[in-house]
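Subject: Structure for your review

Dear colleague,

Please find below the structure that I am handing over to you.

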Amino acid sequence: MPNITPISGEALKAACNLLQAGELVAMPTETVYGLAGDARQDKAVAKIFALKGRPHFNPLIVHAATAKEALAEAASSAQNDPRAQSLSAQFWPGPLTLILPRHENSKISELACAGLPTIALRVPAHADAQALLRAFGGLLAAPSANRSGRLSPTTPLHVAAEFNDEVPLILAGGKSSIGIESTVLDLTGATPVILRPGAITRDALQRTLEMPVAEAASDPHLPKSPGQMAKHYAPQTKLRLNKLEAAPEQAMLSFGPVLGKIKCKAELNLSVTGDLTEAAANLFSMLRQLDAVGATEILVMPIPQIGLGIAINDRLARAATKDE
Ligand code: TXA
Ligand code: MG
């Protein structure tokens, strides 16, 4: 039986003991649940890759309790980058990951950064993630707590379903409020580039930076994140996008005021009122539920390509891709 424990002084102590020993702990965050290990221990980081079945060229995000601790891991020149300073002041703690040149004398495991000269840094806002990071007093490498290529977990039960008792401790912190992974922004070049869309939108970033921000997905010439393989976030059942009608053997992931109007095997509605924030929070969880009903296919209604809809459509497009 997996050990699912809500946060308490005792749970934090147990989690810190495990982390110090190089073991892994599942940690709630406001985006998705993370599979956390001590970012300085190669052994812990290697365990993350092994458990997820994650390719070693795909680097991990390093989590810190404060912006100060996070930015201390960036190269000295990057610490004074006004873009990193204004973004961290505006959006941390929160669902933004910054890619920066890595500190010259970084103690972070090379494996966590996949041997790259850059590092992905994030300060999560979830109170339990904050409590764990503060109690641990160090940095945690934490990818989403799912097998590589599968749906990200937004509840402790999703993590348990994914790993059973292979993760010694799952900290239970409720349903992730955002439900989609952090926005990944590359600040290593002259123009900031969004490598992965998320809750912090391009507009919000441009307003804070007062400069244009590029989107890697929409520009074939821009470098991609090593982890942005075409297929990702996938349920086992085949997914078809932008459908309005379904057959009796199919399942439907609907959006907007249509609930119950579609005759099919199972229907779940991302947001009856058409609220994209609510839709993002429900996305992975509802895909998991529809994956389990034995439908021939899961059909998805069109989602508007604005605000958080961009991140939702990014995940859906990857989940629907045939090739790896
Ligand atoms: O919301 C999140 O970010 C969650 C929670 C747990 O914090 N974490 C997460 O981690 O989604 P993961 O490992 O599933 O996704 C990390 C993404 C990958 O696409 C990876 O390729 C990219 O960040 N990444 C990490 N380091 C990078 C680097 N140095 N350069 C470019 N991309 C990087
Ligand atoms: Mg992931």
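This is a predicted model: local features need pLDDT of at least 70, side-chain atom pairs count only at pLDDT 80 or more; totals for chains, interfaces and linings use all residues.

In soluble globular proteins, nonpolar side chains tend to be buried together. The largest nonpolar core here has 46 residues, and those touching the most other members are Leu87, Leu96, Leu100, Leu185 and Leu205. Several elements each supply at least two residues of this core, among them helix 3 (67-71), helix 5 (82-91), strand 5 (96-101), strand 6 (118-122) and helix 8 (202-209). The largest share, 5 residues, comes from helix 2.

Setting aside neighbours within four places in sequence, Leu205 is in contact with Leu87, Phe91, Leu96, Thr183, Leu185, Ile194, Ile200 and Val213. There is also a second, separate core of 31 residues, and its members include Tyr233, Ala266, Ala279 and Ala280.

Turning to the ligand, 26 residues lie around ligand 1, of which Thr31, Asn58, His63, Ser182 and Ser225 come nearest. An N or O atom in the side chain of Thr118 is 2.9 Å from a nitrogen atom of ligand 1. In the side chain of Arg122, an N or O atom is 2.9 Å from an oxygen atom of the ligand. Arg196 likewise has a polar side-chain atom 2.9 Å from an oxygen atom of ligand 1. Taken alone, ligand 1 exposes 680 Å², and the protein buries 97% of that.

Yours sincerely,
A colleague

Key: Residues are numbered from 1 along each chain as its sequence is written. Chains are lettered from A and ligands numbered from 1 in the order in which they are written. Side-chain values use heavy atoms; hydrogens and water are left out. A nonpolar core is a set of buried Ala, Val, Leu, Ile, Met, Phe, Trp, Tyr and Cys residues joined through side-chain atoms within 4.5 Å. Buried means under 20% relative accessible area, exposed over 50%, partly exposed in between (1.4 Å probe, protein chains only). Helices (H or I, at least four residues) and strands (E, at least two) are DSSP runs, numbered from the N terminus. Contact means heavy atoms within 4.5 Å. A residue is near a molecule or strand if one of its heavy atoms lies within 4 Å of it. A polar contact is a pair of N or O atoms within 3.5 Å; within protein, one must be able to donate a hydrogen and the other to accept it, and residues adjacent in sequence count only if both atoms are side-chain atoms. Accessible areas come from the Shrake-Rupley method with a 1.4 Å probe; for residues, only the protein chains shown count as cover.
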